[in-house]
Every structure is written in structure tokens, then in C-alpha cells.
Amino acid sequence: MAAFKKLSLLVLLLLSVVVLSLSIVDVSDPELKQCRHQCGHQKGFDEAQKRQCEQECKEYVRRKREEERRERERDYERRSEEISERRSSPYVFEDEHFETSVKTEEGRVHILRKFTEKSKLLKGIENYRIGFLEANPNAFIAPVHLDADCVFFVSTGKPTVTLLREEKRETFNLVEGDILNIPAGTPVYIVNRDEQEKLFIVKLINPVSLPGRFEPFYGAGGENPESFYKAFSWEVLSAAFKRERDELERLFRQQKRGSIVKASRQQVQELSRHAQGSGGTIWPFGPETRSSGPFNLFRDHTAQSNRYGRLYEANPSDHKSLQDLNLMISFANITKGAMSAPFYNSRATKIAFVVKGEGSLEMACPHIKSEQGRAGQQDKPDIERVTGQLRRGVVFVVPAGHPVTTIASGNSNLQIVCFEVNAEGNVRYPLAGKRNIVTEMENVAKELAFSVPAREVDRVFKSQNEEYFFPGPRSTQQEEGGERAYA
């Protein structure tokens, strides 16, 4: 019994060490000194037991310090890996990869640099650019045309968009989820008629003049934005407009506030008074031209939905504007703590923009070695994992054939708009869930492929009953799930 009591005292002594301060283990270590002091004052301990107690203290503290050192190293490696991923991943783009095209007190336009500036692996989409427009309530965006086709996705705000097509003017009152194709060379101007919320539009841009390069051309303007009329000589302008030079100079030197300015409530109402909605037709051309106008992705485009997420998709066969661009547009709203089912596209390359929330990305890629000059190494697998941290404004690319999944954080839903180029003939292959590709195999094929009995393969690949969206790796969501947008 005495021995048991002495052992219990020693255990309590060692446990008390855990809560003491951390430092390097030496004779002056406060934690070690405290432990040795307690050893020397334990009643009933003879000298041998005290020495043994002190040795146990020293060994315990040494092991504890070693484990703490290893944990710090693991922590450092994790942080270094995250930093390395942000810097070197050829498929993930953050704030520093954007350029400011326009910036005024009322708004800004940011454009991602050419994909191939970061990696030659993205040569297949080198002609595409992506960016966003953000403007204050009641902000007006000056008339401009691009030498590029442009597709708008309205994330927030209520823009009134006016297009000048040949001899007619088309004006649309758009809302969240609306998509509008603006052909190259089409003059367009916008006003945010929302008096409370900022306008946020994600733009996919496809240059038609120089591969991967485009420019804005402002006709209406002055000093800022600079009007392209000023490139002509005053003599030519005087002849073209039949006006004197001094009058033309006053006109084209007046505007200095930039291309995004504040409009009054009355001006906003006037600009949006004769607009059509995204479900309307273009008068006088009738319903047959409806597919060339805007449409709403959240209206009648739900492809898959459960309590873990919702997917909206618009295919080229649904809208003429998408067919002309060989483009599919999708929007995933992943419930907090949930994940999208791993899948890959057969032909389409996904250019994705995070519009809300936080989360992460995991993708399988066989090209990283060649990109990093490690093609000759044999110590790592050919297929490597690409990861990335996702938050609002992050862009990521998923090439055709690359398995991928996205995971929402436990704090909020993760919302992503995706432009999937080269969409004609694309097939989406699910890799997990109720109808994944492995469950379609014959039993013999499963056994030959996995080298285990087919029942063991089925036990893994048939256990998930959900489709498209699942509980995430560390999901703690309630039975009702997280918030669901655009339900």
C-alpha cells in the first residue's frame, strides 16, 4: 500500500509538470527545478527514491520538450507548405495576381493577369481572361467597348445594363444570378440602381484581336477616361462632326472624374425606366430572339440539390449565347462544413471564381513534376495533390480530366461561379456518391483493377448514398444543414 501511495504521488507530481511553463531543459529550467524541489520534499522518500524521482522528472521534461519541438517543426512545415502552395500552385490565383484596370471613389475593375504568365500548363486557356467589376450604390459606369467577347455574371447589386447594337438600344434590369453575353465591340454602359448594396459582377473575357490581350475603348469621355476620339486630329474631328475645334475641345476635355461616377436617384430612374428584365423579349423582334438576351442562372437551372449543397448549371444547348461561345456556366452553393463530390470533366476546363465564403480545394494533377522540373525523379508518385485555400476573390482552374473537390469551411457556405470553356460534348464523371464510375463496372473488372474481391470494392464505393454534395471531412453540421442561398 505504501508503494502504491508513493507511485500515486509520483504520478500526481508528473501531471503537475504538464501545466508549468515551457523552456529549454537544463538544470536552471523552472519546470525541472519545481519538479526536483517537489521530489526532495516528498514524505517517506528515501535518498534513492528521491534520486529516482528527480531522474523521472528530468526524463519526463526531456520527452515533453522533444515532442513540443517536433510539433513546432510540424507546425512550421504546415505553414511553409501553405505559403508554398499560395506561391507556386499553377492553378490557384489570389489578390496579387490581379491588375487594377479602373479605380475611382465609386468603384473599381480588376483583371487577372494572363493565365500563362503563371504556368505553361494553362496554355489551353491562354486566350481567356477573368476579372470583376465592383461599384457603389447608384454608381454609373461610362460607355465602353472591348476588343473581346465578355460574359457578365451578377453576384450582388441590381445593374441596369444598356447595349448599343447597330441602330437599336437594348436595356436590361438585371438581378443576382443574371448572365449576359456582350459581343466584342458592343458599346455598353451600366448603372447600379440598388441604393443599399454594392454591385459585383464577375466577367469572363475572350479577346478577339490579340490572344489573351484586350483593351477598353471609351468614346464618351474626356481626360479621364480618355476618349478615343482624341486620337484623331482636330481637323478630322471638325470635318466629321461639322463643329468648330474650340467646341470639340471643351467637350472632350471636360470629364476628369474617371469611368465610374456617382449618379443621382433621378438619373438612375431615367436610365432604368425602359429596361427589360432577364426573362423578357427584345422588342420588336419577339420571343425567337430571347435566347440572345440575359437569363437568370438561379431560375429554372437547378441541376442537383440536397441539404449539403445546391448546383445550378446552364448548358450551351439551353442558350444560344452560350452555344456561340462553347461555354457552360455553373454556380455551386456548398453548405458550411460540406464538400462537393470528387469528379472530373471529360473535355471542359473550369475557370472558377469564389464569390462568397471560405473553404479549400483538392485536385489530382499529373503535370506538377514537369512544371517544377522534377520529371526525372522517381521518389514521388506521378499523380500529385494540388491544394488551395479559397475565399472571396480567389480564382482557380481545373483542367479537363483532373479529379477535383471543394470543401466549405465550418463557418459559412462556400459559393463559386464557374465558367467551363470547351463545353460542347463534355461529360461530368462522378468519382464518389450514389452513381460513381466504379459502381458501373462489372465485378470482374473491379477485381482485376483493385486486386481485391468485388464485395470489398462495393463496400467502399457504394456506402455513400448522396450525390454531388456530401458532409465534409470535419463536418459538424446540424440535421437541418447550413444556410441555403437562392433556394
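Student: Let's start with C39: is C39 buried or exposed?
Tutor: C39 is buried, with a relative accessible area of 0%. Keep in mind that we are looking at a predicted model.

Student: Okay, and which residue does a disulfide join to C39?
Tutor: That would be C53, and the S to S distance is 1.9 Å. The pair links distant parts of the chain, with C39 in helix α2 and C53 in helix α3, 14 residues apart.

Student: Is C53 buried or exposed?
Tutor: C53 is buried, at a relative accessible area of 2%.

Student: What is a disulfide, anyway?
Tutor: It is a covalent bond between the sulfur atoms of two cysteines.

Student: How many disulfides does a search of the whole structure find?
Tutor: Two. Besides the link of C39 and C53, C35 and C57 form a disulfide, with their sulfur atoms 1.7 Å apart.

Student: Why is the disulfide of C35 and C57 left-handed?
Tutor: Because the torsion about its S-S bond is about -60°. The link of C39 and C53 is left-handed too, with -65° about the S-S bond.

Student: New topic: what pattern do the disulfides follow?
Tutor: Counting bonded cysteines along the chain, the pattern is 1-4, 2-3.

Student: And C418, buried or exposed?
Tutor: C418 counts as buried, at 6% relative accessibility. C365 is buried as well, with a relative accessible area of 0%.

Notes
Residues numbered from 1 in each chain as written. Predicted model: local features only at pLDDT ≥ 70, side-chain atom pairs only at ≥ 80, totals over all residues. Heavy atoms only, no water. Disulfide = S-S within 2.5 Å. Helix = DSSP H or I, 4+ residues; strand = E, 2+ residues; numbered from the N terminus. Buried < 20%, exposed > 50% of the residue type's maximum accessible area, 1.4 Å probe, protein only.
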